Amino acid sequence: MTRPEHFVEALLAFASGYLTAVAICATAALAAGFMLWRAVRRLAASTGKALRGQQAEDLLTVAAAGLATAVAMTGMWRFFGTVLHFSGAERAAMFAFLEVAVVTSAFRARRNMREFGSAGIEGIAVWVLSGLSAVFSALDARSAAEAVFRLAAPLVAAWLWERGLALERRRASGRAVHWRLTAERILVWLGLAEPSARAASEVDAHRRIARLARAAKRLRDRRASGAAAWRQRRALQRLDKAMEAAVEHADLASDPARQDQMRDQIGALNAAESLASLTTAAPWDRGDAGAPARVRELEQSLAAALARNGTAERELESARRRIAELAAALTRAGSRTDDRTGDDGRDALVAELAGAIREAAAAGDRWRPDYEDLMARTGHQRRWCEYVVRDARSAVFGSGGQAPADGAPESAREPAHAGSGADRLAHANGSGP
């Protein structure tokens, strides 16, 4: 056996004789290694970019489908060799054309699902091509077990590709297939589960009341049909038994809600025949299907508006009371101010009016008070102005009814036959004869 050091010495001796060839080979090897490293790096980057954001189930589905497709390719290799008698390069180049077509159709179907929401003809092609691969692979089987295995592998691959499309379909449409036969539905059908989240007491009470309603209907039907007496007695016994159970376990005697439920169920069961003569409009003839929902929305809006209106009315009434209180306070403050500051102005107005009365009497004219002007000047009511006029006349003619002793002309004095102060006041006011 040649030792490693002898092999190295022989290699060095050969390289020393062919330095140019060795240099060229080394350069080519380095270039090939560099290119291979770049290719592996790009492939890794592309693979990472493609896998980025993918779910684990997506990756596992693709991997499992690829393995099943590879198993199907072994059967096609045997088929090309033993049945078609291909060998060498042509066998290696063409044996997996169906499996490559399956993978290509699967990826096209996936892209169609993402872009258009449907796999289209590509999804059907996956199953057709997988079926052909299964049949061709099984034709060269040497036993029944091998034939079943060759048939199963392509179908498993097609199923896994279909499950990958189902994930994409669910993401695109948000819908999934709901199986009609499930464990929950079977348990509900057998009476071992409830379709709604109700307490055990509510379920038991509902069943006892329903049993009572059915017993009452049975007795009613037998009496109406003239059944035998023993059949009527048996129905009556069942009704009594159901009533006792409902009273004991469903609180039928004391719960008004249970009583209403019993009456509703009995009424509905006894009125079943009226459904045959019931006349109702078709769903498409009932008008707007969304009208009830809008009516409910309007009713809720109206209730909210009424509540806000009631609140606003209460606030308005409170504001009115406050305004009334403030107005009363202002009136009281104004009256007190008038009491304090109005005496001087009233005396001056009385003196002014008295002077006007004297001037009219001196000129022989009839003086009449202008209450509108007085009310505008003073800001007081007519009653207050009448009191001022009265005081002015009293200041001119005196409270005892005598004429003023200030040397007024004779034309301003009263006639001799007017003996009372009231006549003189009337003449001065212009209301006398």
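A crossing of two helices is left-handed if the near helix is turned anticlockwise from the far one by less than a right angle. In this predicted model, the crossing of helix 9 and helix 10 is left-handed. Helix 9 spans residues 200–225. The axes of helix 9 and helix 10 lie 9 Å apart, and the two helices pack at an angle of about 160 degrees. Angles over 145 degrees count as roughly antiparallel, so helix 9 is roughly antiparallel to helix 10.

Helix 9 contributes Asp204, Arg208, Arg211, Leu212, Ala215, Ala216, Arg218, Leu219, Arg222 and Arg223 to the contact. Helix 10 contributes residues including Arg231, Gln232, Leu236, Leu239, Met243 and His249. By class, the contact residues of the pair divide into 11 nonpolar, 2 polar and 8 charged.

Two loop residues carry a positive phi. Most residues other than glycine have a negative phi. In His85, phi is near 60 degrees, a positive value in a residue other than glycine. His85 sits in the loop between helix 3 (56–83) and helix 4 (88–94). Its relative accessibility is 62%. The cut-off for exposed is over 50%, so His85 counts as exposed.

Asp251 is the other case. Here phi is near 55 degrees, again positive in a residue other than glycine. Asp251 belongs to the loop that joins helix 10 (229–249) and helix 11 (256–270). With a relative accessibility of 44%, Asp251 counts as partly exposed.

Definitions and conventions. Residues numbered from 1 in each chain as written. Predicted model: local features only at pLDDT ≥ 70, side-chain atom pairs only at ≥ 80, totals over all residues. Heavy atoms only, no water. Helix = DSSP H or I, 4+ residues; strand = E, 2+ residues; numbered from the N terminus. Buried < 20%, exposed > 50% of the residue type's maximum accessible area, 1.4 Å probe, protein only. Axes fitted to C-alpha atoms, helices over the stretch in contact; angles between N-to-C directions. Parallel < 35°, antiparallel > 145°, perpendicular 65-115°, else oblique. Contact = heavy atoms within 4.5 Å. Nonpolar A, V, L, I, M, F, W, Y, C, P; charged D, E, K, R; others polar.
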